[in-house]
Amino acid sequence: RDGNEAQKENAAGALASLAYNDEKVAIAAAGGIEVLIALARDGTEIQKGGAALALSNMIEAAPGTHEGVVEAGGVAVLSSLTQEAGASDLCKFSAAIALVYLACTRPDLPADDTCLSLLLSQLDKPKEDGWRRDSINALLAL
């Protein structure tokens, strides 16, 4: 929550790595969801990308985090990231994947056309592209 911009960027990246490596529940329990949503909403481009990736990693693998993301206003923040002109591709795709996985467990949160378009755009990438694989997995989960 505190720190300069570079420290927040490093923290967002570290949380993205931790969320990918089995620390999802610990991040949520420590109040990390709210911090990540705040960074995704108000941070620099790098902070937003790291926060979106961390949220995506958490949501994909830990359905227990879904309610916390929804309650903290994460749906609106992630949805706006998918459409933000200045957002990086990493940020947009991470937000789209997070929203699709939320929609899988919350029928009241349908995946919107922007999310689906972003994920479908990855299907023509080379097979070894990680975003292609993640997009396919997210689409299949629907």
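## Terms and model

The model is a predicted one.

## The nonpolar core

The largest nonpolar core comprises 37 residues, and those with the most contacts inside it are L36, I59, V69 and L78. Two or more residues come from each of α1 (5–20), α3 (32–42), α4 (45–61), α6 (74–83), α7 (89–105) and α8 (113–120), and the largest share, 11 residues, is that of α7. In general terms, nonpolar side chains in soluble globular proteins tend to be buried together.

Leaving out residues up to four places away in sequence, L78 touches L55, I59, V69, A95, A98, L99 and L102. Two of these partners, I59 and V69, are themselves listed with L78 among the residues that have the most contacts inside the core.

Helix α4 has 17 residues and reaches 25 Å from its first C-alpha to its last, close to the 24 Å expected at 1.5 Å a residue. This helix is mostly covered, with 12 of its 17 residues buried, and the buried set includes L55, S56, N57 and I59, along with K48 and Q47.

For α7, the end C-alpha atoms are 25 Å apart, which agrees with the 24 Å that its 17 residues should span at 1.5 Å a residue. Helix α7 is mostly covered as well, since 13 of its 17 residues are buried.

## The second largest pocket

The second largest pocket has a volume of about 160 Å³, and its lining is made up of Y20, L53, S56, N57, E60, S94, I97, W131, R133 and D134. At least two lining residues are supplied by each of α4, α7 and α9 (130–141), and α4 gives the most, with 4 residues. By class, the lining holds 4 nonpolar, 3 polar and 3 charged residues.

Among the lining residues, N57 lies in α4 and counts as buried because its relative accessible area of 10% is under the 20% cut-off. In space, N57 and T105 are 15 Å apart, C-alpha to C-alpha, while in sequence they are separated by 48 residues.

## I97 and its surroundings

I97, which also lines this pocket, lies in α7 and is buried, with a relative accessible area of 2%. Setting aside neighbours within four places in sequence, I97 is in contact with S56, L119, W131, D134, S135 and A138; of these, S56, W131 and D134 also belong to the pocket lining. The C-alpha atoms of I97 and L55 are 9.5 Å apart, although 42 residues separate the two in sequence.

## Two residues of α9

Which residues does S135 touch, not counting residues up to four places away in sequence? They are I97, L119 and Q122, and S135 itself, found in α9, is buried with a relative accessible area of 0%.

L140 is likewise found in α9, but at 68% relative accessibility L140 counts as exposed, because the cut-off for that class is over 50%.

Methods:
Residues are numbered from 1 along each chain as its sequence is written. This is a predicted model: local features need pLDDT of at least 70, side-chain atom pairs count only at pLDDT 80 or more; totals for chains, interfaces and linings use all residues. Side-chain values use heavy atoms; hydrogens and water are left out. A nonpolar core is a set of buried Ala, Val, Leu, Ile, Met, Phe, Trp, Tyr and Cys residues joined through side-chain atoms within 4.5 Å. Buried means under 20% relative accessible area, exposed over 50%, partly exposed in between (1.4 Å probe, protein chains only). Contact means heavy atoms within 4.5 Å. On a 1 Å grid over the protein atoms alone, a cavity is a set of points where a 1.4 Å probe fits but cannot get out, and a pocket is an open set with protein on both sides within 12 Å along at least five of seven lines; lining residues have an atom within 4 Å of a point. Grid points are joined across faces, edges and corners, and a volume is the space filled by probe spheres set on the points. Ala, Val, Leu, Ile, Met, Phe, Trp, Tyr, Cys and Pro count as nonpolar, Asp, Glu, Lys and Arg as charged, and the others, Gly among them, as polar. The expected span of a helix is 1.5 Å times one less than its number of residues.
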